[in-house]
Amino acid sequence: MDDSLRAIDVSVVFSGLRALDGVSLSVAPGEILGLIGPNGSGKTTLVNAITGQVPMAAGRILCGAEDLTGFSPRKVSLRGIARSFQVVRLFNNLTVAENVEAAALAHGNGRRGSRDKARMLLAEFGLEARAEDLAIGLSYGDKRRVEIARALAADPKYLLLDEPAAGMNEAETGELLSILEELPRARGLSLLIIDHDMGLIMRLCGRLHVLASGRTIAEGDKDSVRSNPVVIEAYLGTGAEAAHA
Ligand SMILES: Nc1ncnc2c1ncn2[C@@H]1O[C@H](COP(=O)(O)OP(=O)(O)OP(=O)(O)O)[C@@H](O)[C@H]1O
Ligand SMILES: [Mg+2]
């Protein structure tokens, strides 16, 4: 059976503004899909619609055979769909380890299991030395890594990352890339990644989905998308992504 995560004909309207207009996107098991497009094209809104953070005016969200349309963010996450946020959300006054443990606890792990899981994830993310530091004092790059570790503490089948490399320097982005590219194999999950760093996107993703003004303008393997004149016109050729590098 097709176990893909699918958004079908999704429209989202914010007080008259049509942020998404009939967008359909699917993420297949084990793949890394890149979601790209200019500022304000609807990328974050699409992730918010999938995870139940914004209401849809039309459309459906399916995970395999299950219809998740209208589910709360909590119910979506319990179905194995985790996300990170464009603006990092951590418990500033908890330690790094406590932040990850809290996420594991919230997903039904026991105390000891949560502690073990947090320790394992911090090691995987090279954050062991920071484990007892308060989240508030971390560098931006470390905060983003903690956020991804928190998302993984839920053992998701699908991980949706909203600009995980934003604000990272080149070395941090390189480290992030090597962690992310292993995730499908190491954890059997699928990744949807939004980013304006085209170097990262092109190295990581097999397939790309491109939005502009709330509509899909292209989707397919990265080489066909990269050379698509419509995509170059709307995004890649505009220098929009370079402005974020
Ligand atoms: N909560 C909201 N209320 C009103 N308008 C919103 C809200 N969220 C997003 N929008 C609008 O919806 C449109 C799509 O925004 P969205 O944040 O999804 O774009 P994006 O592709 O993620 O852009 P960026 O690359 O800058 O993150 C924009 O016009 C934005 O101003
Ligand atoms: Mg966004």
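The model is predicted, so local features need pLDDT of at least 70 and side-chain atom pairs count only at pLDDT 80 or more, while totals for chains, interfaces and linings use all residues. Residues are numbered from 1 along each chain as its sequence is written, chains are lettered from A and ligands numbered from 1 in the order in which they are written, and side-chain values use heavy atoms, with hydrogens and water left out.

**The metal site.** Select the magnesium ion, ligand 2, which is coordinated by OG1 of Thr44 and OE1 of Gln86 at 2.0 to 2.3 Å. Thr44 belongs to helix α1 (residues 43-50) and Gln86 to the loop between β6 (81-83) and α3 (96-106), so the pair ties together parts 42 residues apart in sequence. Donors here are N, O and S atoms within 2.8 Å of the metal (3.2 Å for Na, K and Ca); water is not among the atoms, so sites may look incomplete. Helices (H or I, at least four residues) and strands (E, at least two) are DSSP runs, numbered from the N terminus. Thr44 is partly exposed at 23% relative accessibility, and Gln86 is partly exposed at 33%. Buried means under 20% relative accessible area, exposed over 50%, and partly exposed in between (1.4 Å probe, protein chains only).

**Helix α1.** Display α1 next: seven of its eight residues are buried, namely Lys43, Thr45, Leu46, Val47, Asn48, Ala49 and Ile50. Just after α1, Gly52 has a positive phi of about 80 degrees.

**Helix α3.** Move on to α3, where the buried residues are Val96, Ala97, Asn99, Val100, Glu101, Ala103 and Ala104. These buried residues pack against α4 (111-124) and α5, contact meaning heavy atoms within 4.5 Å. Gly108 follows α3 and has a positive phi near 90 degrees.

**Helices α5 and α6.** Which helix crosses α5 (residues 140-152) at roughly 10 degrees? The partner is α6 (residues 170-187), with the axes coming within 11 Å. That makes the two helices roughly parallel, a term for angles under 35 degrees. Axes are lines fitted to C-alpha atoms, for helices over the stretch in contact, and angles run from 0 to 180 degrees between N-to-C directions. Select Gly141, Arg145, Ile148 and Leu152 in α5, which meet Glu172, Glu175, Leu176, Leu183 and Arg187 in α6.

**Charges over rings.** Finally, select Lys75, whose charged end sits over the ring of Phe71, 4.2 Å from its centre. The charged end of Arg83 likewise sits over the ring of Phe85, 4.1 Å from its centre. The criterion is NZ of Lys or CZ of Arg within 6 Å of the ring centre and within 35 degrees of the ring normal.

How values were computed:
Angles under 35 degrees count as roughly parallel, over 145 as roughly antiparallel, 65 to 115 as roughly perpendicular and the rest as oblique.
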